[in-house]
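Keep the sequence and the model side by side.

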Amino acid sequence: MSASAVFILDVKGKPLISRNYKGDVAMSEIEHFMPLLMQREEEGALAPLLSHGRVHFLWIKHSNLYLVATTLKNANASLVYSFLYKTVEVFSEYFKELEEESIRDNFVIVYELLDELMDFGFPQTTDSKILQEYITQQGNKLVTGKSRVPPTVTNAVSWRSEGLKYKKNEVFIDVIESVNLLVNANGSVLLSEIVGTIKLKVFLSGMPELRLGLNDRVLFELTGLSGSKNKSVELEDVKFHQCVRLSRFDNDRTISFIPPDGDFELMSYRLSTQVKPLIWIESVIEKFSHSRVEIMVKAKGQFKKQSVANGVEISVPVPSDADSPRFKTSVGSAKYVPEKNVVIWSIKSFPGGKEYLMRAHFGLPSVEKEEVEGRPPIGVKFEIPYFTVSGIQVRYMKIIEKSGYQALPWVRYITQSGDYQLRTS
């Protein structure tokens, strides 16, 4: 059993729009939601699931809206939450920003979408690209497209239309890794992980089947490829797009799928691995009798020399009462952002193995109290193309289509900063 009804409420809990799918829960039950929410907030026991008698409210908040599903016992809660988040995604595709005003301006299309997204309490068509084939929008008006139901709705492959044709058949693969890092004042790494995504841009005719091969450690062990010559990575928390055949992956680690057309995220993964800080920061702060402060920051690229980090931004915290900034940098430029109490040192191009310096001088007009809680950490942003910190590789991309056309797969690797912080003493 799944959702009985779905409500979209404003920030005060007033229903803007609702859809009753099963009729087994009275629509008036939603009146109990906001008092329950406020009571739980006051008690400090707020939860994503609230109950009133036999009725359960499963809810999420987005912008200034509450999306609430009502259900009776034994509902599949994870299915309902996935549906609510997917609803937000679909509405955002249609209205750009999902908020109270966009709901009020588009009541008709919202009703149409709620009808297509769920049937008798179970998710139905939740792919926005497919929905846009027959629920089209001009301004705030609904225009019904083809009167017939698109084949994608009844097709086993509901995320791809039939009859697609391209003059040039290509697949672009982006392997993007974000490095999350927290280093303490002693230089010890407290947190280190890699969060990766593989995104595809597909321009292929017909209904092709794609097979993607990675240097996955489990696959290498299954096929006997593991050895000193074959570098492999151990993927954790792997999540796939709905197009991937999960049973095939579970059996032999083959990533086999019929792709949606255009852009989509094929998979995401995580690696809990000790990452050597790619950009290492050292800082020295000197205060002179509470009248001025000097900050010296040294940045070093600890990645291979052939690679270059682009768009590097190093955010250095400064005292809140600092003024009269003066900077000297060996490369790039520095600017003071007083509303955030930071100096941002920007370096367009930072080659691996290089080391750069930035000096900042500030006046301290007031007699400040000694810092009790310590300074905020130094934050670093960067992007390194043609490089993955985990060593993940696309070994092959096979494209099989009954017409037998030739297609070109293009692969690009990018490493970027995620939550990348270095604490200073």
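Start with Arg 19 and Asp 115, whose side chains meet in a salt bridge at 2.4 Å, N to O. This pair links distant parts of the chain: Arg 19 sits in strand E2 and Asp 115 in helix H4, 96 residues apart. Arg 19 counts as partly exposed, because its relative accessibility is 25%. Asp 115, at 35%, is also partly exposed. The model is predicted.

Next comes the salt bridge between Arg 412 and Asp 174, with the closest N and O atoms 2.7 Å apart. Arg 412 lies in strand E25 and Asp 174 in strand E10, so the pair ties together parts that are 238 residues apart in sequence. Asp 174 is buried, at 17% relative accessible area. Arg 412 is partly exposed, at 42%.

A further salt bridge joins Glu 209 and Arg 245 at 3.5 Å, N to O. Glu 209 belongs to strand E12, while Arg 245 lies in the loop between strand E13 and helix H8, so the bridge ties together parts 36 residues apart in sequence. Salt bridges with shared partners also join Glu 193, Glu 236, Asp 237 and Arg 270 into one network. The whole structure holds 16 salt bridges.

Now turn to the largest pocket, with about 390 Å³ of space. It has 14 lining residues, and the closest to its centre are Lys 86, Glu 89, Asp 127, Ser 128 and His 241. The lining divides into six charged, five polar and three nonpolar residues. Helix H2 gives the most, with four residues. Why does the pocket lie between domain 1 and domain 2? Both domains give residues to its lining, so it lies between them.

Technical notes. Residues numbered from 1 in each chain as written. Predicted model: local features only at pLDDT ≥ 70, side-chain atom pairs only at ≥ 80, totals over all residues. Heavy atoms only, no water. 1 Å grid on protein atoms, 1.4 Å probe; cavity = no way out; pocket = protein on both sides within 12 Å on 5 of 7 lines; lining within 4 Å. Points joined across faces, edges and corners; volume = space filled by probe spheres on them. Helix = DSSP H or I, 4+ residues; strand = E, 2+ residues; numbered from the N terminus. Nonpolar A, V, L, I, M, F, W, Y, C, P; charged D, E, K, R; others polar. Domains from an automatic or database assignment. Salt bridge = Lys/Arg side-chain N within 4 Å of Asp/Glu carboxyl O. Buried < 20%, exposed > 50% of the residue type's maximum accessible area, 1.4 Å probe, protein only.
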